[in-house]
Amino acid sequence: MKITIVGRKFHVTDDLKTKVEKKLSKFDKFFSDEATANVTMRSQKNDEILEITIFYKGTMFRSEVADKEIENALDKSVDIIERQIRKNKTRLEKKFKTGAFEAIPAEEEEDEIKITKTKQFKISPMSVEEAVLQMNLLGHSFFLFLNEENDSVNVVYKKADDEYGVIEPVIE
């Protein structure tokens with residue numbers, strides 16, 4: 001797995017890089033060498049925040065944890081991604097390494113995905129700012145819209161830190 005470690009307003013020491021690489025090496029049994037992991041560390045107020053995003057064969061695993069100590073956040077983040085893999089074991093087996101999931105107990109596996117509701121609505125071209133306004137007026141945490149700047153379907157969402165994000169599709 002190719003690992004990229006970035007510090008934003010945070011000094012990443014060689015010792016910390018080694019710890020991250022060692023912790024993420026436990027995922028080598030699930031992913032081949034073509035997997036990539038992006039690790040971002042930052043300080044915010046009194047907490048250290050660690051984000052791990054692993055990309056492999058069109059699938060993304062992500063965790064974000066805030067803690068007083070970055071090492072504790074690393075442990076929690078790795079546990080979150082491990083839990084994501086465990087919950088989706090059967091679906092992931094079809095996509096990933098053969099036999100990679102045999103050691104994971106089946107009783108922790110998530111049940112079949114049930115879609116209980118389908119919604120349809122008309123989308124109009126609008127700016128990102130208009131989409132955020134519409135989302136807030138509806139009281140939702142996300143909003144799907146047709147971006148008038150690039151003619152693609154985008155999603156705006158409210159992040160945990162009361163800021164906003166935009167999801168734009170990229171076709172591979």
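## Elements and overall make-up

Helices (H or I, at least four residues) and strands (E, at least two) are taken here as DSSP runs, numbered from the N terminus. On that basis the protein has four helices and eight strands, and from the N terminus on its elements follow the order β-α-β-β-β-α-α-β-α-β-β-β. The model is predicted, so that local features need pLDDT of at least 70 and side-chain atom pairs count only at pLDDT 80 or more, whereas totals for chains, interfaces and linings use all residues. Residues are numbered from 1 along each chain as its sequence is written, and side-chain values use heavy atoms, with hydrogens and water left out.

Of the 172 residues in the protein, 33% are buried, where buried means under 20% relative accessible area, exposed over 50%, and partly exposed in between (1.4 Å probe, protein chains only).

## Confidence

The predictor's confidence in each residue, pLDDT, runs from 0 to 100; the protein averages 85, and 88% of the residues score at least 70. Confidence is lowest in helix α3 (residues 89-93), with a mean of 69, and highest in β8, at 96. Where pLDDT is low, the predicted coordinates should not be read in detail.

## The sheet β5-β6-β7-β8

Two strands are said to pair if DSSP finds at least two bridges between them. Four strands, in the order β5-β6-β7-β8, make up an open sheet with mixed pairing. Because β5 (125-126) and β8 (164-167) stand at the edges with a single partner strand each, one side of each is left without a neighbour in the sheet. Strand β7 (residues 152-158) pairs with β8 in the antiparallel sense over four bridges, and Lys158 stands opposite Tyr164 in β8.

Helix α4 (residues 128-138) lies across β5, β6 (142-147), β7 and β8, and runs at about 150 degrees to β6; axes are lines fitted to C-alpha atoms, for helices over the stretch in contact (heavy atoms within 4.5 Å), and angles run from 0 to 180 degrees between N-to-C directions.

In helix α1 (residues 14-24), the buried residues are Leu16, Val20 and Leu24. They cover an arc of only 65 degrees around the axis, taken from the directions from the helix axis to the C-beta atoms, which puts them on the same side of α1. Asp14 and Lys22, on the other side of α1, are exposed. The cover over the buried residues of α1 includes β1 (2-8), β2, β3 (47-56) and α2 (70-87).

Thr40 lies in strand β2 (residues 36-44) and is buried, with a relative accessible area of 11%. Leaving aside residues up to four places away in sequence, Thr40 touches Val6, Arg8, Ile49, Leu50 and Glu51.
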